Amino acid sequence: MKARFWESWSIGTRMIFITMLPVVFLFSSFVWYSWYSHRAQVAEELAERGRILARALAETSEYNVISGNLSDLRLTINGLVQSDKSIYRIDVVDAAHKGAISVSSQFAADAEPHYYEAPIKKQVIWVNLFSDNGSPHVSGPSDAKPPTQPAEVVGWVRVTMSPSNMLDKQARRFQVELAMAALALAVSGALAWFLARSLTVPLRSSIGALRQIRGGDYRVQLPVTTGGEIGELQESIGEMSLALDQSKQHLENKVAERTRDLVESRNEALKADADKRKLIQKVNSIVEDERRSIAIEIHDELNASLIAARLESQSILQLADKAGAGPAIEQIKHKSQAITKLTLDLYASGRRLVRRLRPEVLDMLGLHGAVEEMMRHYDSGSGCRFEFHSEGDFSQLENELAISAYRIVQEALSNVIKHATATRAQVSLVLSSAENMLRIEVADDGAGFDPGTASAGIGIIGMRERVYALNGTITFSSGPDSGTVVAIALPLKAPTDVS
Amino acid sequence: VRALRCIAALGLAALLAPAAPAAPADPVRGFRFHIVTGDDSAQTRRIAEDLYKRLAPLSAMFRTELAQRRRLVYIAIGPAALRDVAHRSDDCVVISAFTSSQVWHAVAAAATPARAAAMTAVYAEPAPADQLRLVALLYRRPVSVAAILGADGAHLKRVLRGSAQVEEMAPGDDINRVLNRIAPNEVLLAMPDSGVYSAENVRNILLSTYRHKQGVIGFSADMVKAGALATTYSDIEDINAQVAEMAAAFVASGELAPPQFPRYFSTIVNEGVARSLDIEVGADAKKFARRPPATPR
């Protein structure tokens with residue numbers, strides 16, 4: 001919605017506007033009406049004076065016109081015209097409209113376009129003149145109503161008025177009225193300004209106090225300087241600031257208390273975390289040691305026994321060959337061959353088991369070679385093509401770190417084979433002496449997953465725990481149909497063992 | 001109109017008829033008063049009724065032989081009635097009342113000598129002598145009085161001779177010029193004269209005299225109310241009383257009194273005009289009057 005123009009005004013401006021708007025309207029109306037009324041008054045007064053003058057002159061001119069004493073009438077009219085500046089000219093004409101007297105003013109500046117005319121009537125008064133009209137001649141008072149006598153018009157008086165003199169007078173009056181109205185307007189403006197100021201000053205101080213409160217300074221000093229709603233507002237702001245200050249103090253105390261609790265909890269958590277890391281590391285170490293011992297047992301005991309069993313079975317076969325032919329002999333041959341084959345299979349299984357429990361290639365080839373060997377192993381048995389990249393000297397890598405790195409890569413590649421359905425995978429091992437960090441990155445172009453929604457499997461959890469135990473970091477970058485990149489950073493210096 | 005006048009006359013005669021049988025056994029003593037009116041206005045009725053009351057007691061006093069021959073006495077009320085009876089062929093006595101002297105003289109001049117000899121009148125306008133006396137009472141000093149008379153005012157000229165400046169006005173003369181001529185006089189004594197005073201110029205005359213600071217002594221109360229200074233005037237009862245006296249004298253003596261101005265009068269003064277003329281009207285002027293003797297009703 002479009003904002004109206006006054007909506008951005010301050011309350012002081014609005015107050016002045018509200019106060020002054022009716023005053024200005026009143027002033028404008030008054031000035032307009034005054035000017036109009038003065039003009040109308042001049043016109044009305046001129047018309048009235050013109051009519052009255054014409055009629056009065058017509059009344060008084062009767063005798064002069066009838067008696068022919070026009071010089072006397074001229075003197076009278078001349079005195080009248082010269083003494084009244086609003087008279088422009090007075091004409092007296094006879095019954096035939098022939099001019100008898102015309103007197104113009106020496107002072108009047110302009111004339112109205114019309115004149116006011118009054119007939120000079122020959123007044124007839126009814127008196128019983130004892131004429132021979134039939135009715136009795138009674139000299140005593142008569143109660144009879146005198147008959148109406150028609151008046152004969154013996155001439156006309158025409159008065160032309162001049163408005164300039166009266167206009168000047170009315171203009172001076174209008175100027176006085178205008179000055180008074182302007183003074184009233186100015187006084188109204190000053191009053192409006194004072195009224196607005198009586199609102200804006202306490203409001204400004206209130207707004208300032210509110211800004212202080214908004215800025216966090218609750219200890220504001222806002223004296224109540226006025227009454228009414230503004231005073232109540234000031235009082236409320238003062239009370240609010242006091243309450244807020246008390247609340248702030250309370251909260252700060254509570255926060256400090258909670259902070260202390262949190263710090264303690266954090267320290268405990270950190271301590272627990274370190275213990276957990278060490279515990280995981282120890283568990284991993286124990287697991288690896290146990291695996292190694294199991295692998296050695298399998299390698300040294302089980303596999304040796306299987307070799308011995310195979311040799312015995314082969315000996316049985318050789319003996320059967322020498323024993324000649326017969327169904328029993330043939331059956332013995334078959335059984336010995338089956339035992340030989342079975343021992344070979346068991347031996348191979350044992351070998352695989354040993355390799356899984358304890359990748360001896362790690363001891364022999366180091367992390368670099370073991371990973372390369374593992375990739376070759378996966379590359380041969382899956383539809384995915386593996387690429388390997390390595391940088392750095394891995395010979396000085398600690399055994400614990402190497403085993404964890406190996407197991408992490410092993411889990412990552414296992415996930416690629418099992419879940420990614422990728423056609424291509426890359427493994428990168430970078431050992432940065434400058435950063436004192438081993439960086440591992442396994443990337444594939446497989447199906448990927450949403451790290452935000454997908455729940456972690458056992459493999460990933462194991463990877464996280466191994467990384468966590470080594471105080472490293474692991475990140476997963478993946479998305480649906482955009483492959484997966486697993487980046488691991490492991491510090492070269494392993495945490496101290498748990499005692 | 002004439003028929004109306006006759007009907008009125010006969011009607012009034014009928015009113016008087018019961019008076020005739022007052023002496024039915026003596027025909028010499030019998031007579032009839034015949035009040036003739038010119039109109040049927042309320043004023044005329046009032047005049048006639050009052051006059052009837054006044055003339056009724058006179059019916060038994062008519063005794064002379066001349067009176068036996070002239071059995072009818074016409075009382076003409078107003079100029080129209082006067083003209084009516086003046087044109088009648090009988091030689092009955094005619095007493096004119098409520099008619100100005102100018103009209104009466106005009107009618108009498110037009111009548112036959114015999115007819116004129118049997119005519120007399122109580123004029124309607126105030127007596128000039130009373131008016132002049134009123135002037136003296138108003139001004140309380142000798143003042144010059146002027147009167148304007150027309151062509152028919154010869155009889156008044158004789159009356160006014162020596163007591164007022166008479167200015168004659170011929171037909172066609174401008175009244176303003178005449179008024180200018182009498183401007184030096186302080187008082188204008190107005191007398192009824194159709195050749196001088198008319199409805200059209202009476203206001204002008206009053207204005208002119210006012211401007212000349214002249215007091216106008218009018219000839220009726222209405223004229224004083226219109227702007228004249230003062231006048232003596234006679235009410236209907238005043239004139240009727242004088243008519244009755246004249247009739248009684250005629251019945252008693254058989255001699256017809258000559259025409260005369262009103263004997264009984266009152267005075268009316270326009271106080272406003274008097275003030276403007278700087279005249280302080282005294283009580284004697286205001287009370288200037290002559291009342292008729294009380295008549296038993």
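Trainee: What should I know before reading on?

Mentor: This is a predicted model, in which local features need pLDDT of at least 70 and side-chain atom pairs count only at pLDDT 80 or more, while totals for chains, interfaces and linings use all residues. Residues are numbered from 1 along each chain as its sequence is written, chains are lettered from A and ligands numbered from 1 in the order in which they are written, and side-chain values use heavy atoms, leaving out hydrogens and water.

Trainee: How do I read burial, and what share of the residues in chain B is buried?

Mentor: Look at relative accessible area: buried means under 20%, exposed over 50%, and partly exposed in between, with a 1.4 Å probe and protein chains only. Buried residues make up 55% of the 297 residues in chain B. For chain A, 33% of its 499 residues count as buried.

Trainee: How do I read a nonpolar patch, and which residues form one on chain A?

Mentor: Patches are made of residues with over 30% relative accessible area and no salt bridge; nonpolar side chains (Val, Leu, Ile, Met, Phe, Trp, Tyr) are joined within 5 Å, like charges within 9 Å. Here Phe17(A), Ile18(A), Leu21(A) and Phe25(A) form such a patch, with about 390 Å² of accessible area together. Leu21(A) lies in helix H1, residues 11-67 of chain A. Leu21(A) is partly exposed at 34%.

Trainee: Next, charges. How many salt bridges are there over all chains?

Mentor: Side chains of opposite charge can pair when their charged atoms come close. The rule asks for a side-chain nitrogen of Lys or Arg within 4 Å of a carboxyl oxygen of Asp or Glu. By it, the count over all chains is 29.

Trainee: Which parts does the pair Glu237(B) and Arg46(B) tie together?

Mentor: Their side chains meet in a salt bridge, 3.1 Å from N to O. Glu237(B) sits in helix H12 (236-253) and Arg46(B) in helix H2 (42-55) of chain B, so the pair ties together parts 191 residues apart in sequence. Glu237(B) is partly exposed at 25%, and Arg46(B) is partly exposed at 42%.

Trainee: Are Asp50(B) and Arg54(B) buried or exposed?

Mentor: Both are buried. Their closest N and O atoms are 2.7 Å apart in a salt bridge. Both lie in helix H2 of chain B, 4 residues apart, about one turn of the helix.

Trainee: Where does Arg290(B) lie?

Mentor: Take its partner too: Arg290(B) and Asp130(B) form a salt bridge at 3.3 Å, N to O. Arg290(B) lies in the segment after helix H14 (283-286) and Asp130(B) in helix H7 (128-139) of chain B, so parts 160 residues apart in sequence are tied together. Arg290(B) is partly exposed at 35%, whereas Asp130(B) is buried at 9%.

Trainee: How do I read contacts, and which residues does Asn204(B) touch?

Mentor: Contact means heavy atoms within 4.5 Å. Not counting residues up to four places away in sequence, Asn204(B) touches Tyr63(A), Ile66(A), Ile175(B), Asn176(B) and Leu179(B). Asn204(B) is in helix H10 (202-211) of chain B and is buried at 5%.

Trainee: Which elements do the buried residues of H5(B) pack against?

Mentor: In chain B, they pack against helix H4 (78-86), strand E3 (93-99), helix H6 (113-117), strand E4 (119-123) and helix H8 (154-160). Among the buried residues of H5(B) are Trp104(B) and Val107(B).

Trainee: Last, pockets. What is the volume of the largest pocket?

Mentor: Rolling a probe the size of a water molecule over the atoms shows where empty space is left. On a 1 Å grid over the protein atoms alone, a pocket is an open set of points where a 1.4 Å probe fits, with protein on both sides within 12 Å along at least five of seven lines; lining residues have an atom within 4 Å of a point. Points are joined across faces, edges and corners, and the volume is the space filled by probe spheres set on them. The largest pocket has a volume of about 780 Å³. Of its 28 lining residues, the closest to its centre are Arg291(A), Arg356(A), Tyr378(A), Arg407(A) and Gln410(A). H7(A) gives the largest share of the lining, 7 residues. Arg291(A) and Arg407(A) are also linked with Glu288(A) and Arg466(A) in a network of salt bridges.

Definitions and conventions: Helix = DSSP H or I, 4+ residues; strand = E, 2+ residues; numbered from the N terminus. Areas by Shrake-Rupley, 256 points an atom, 1.4 Å probe, with all protein chains shown as cover.
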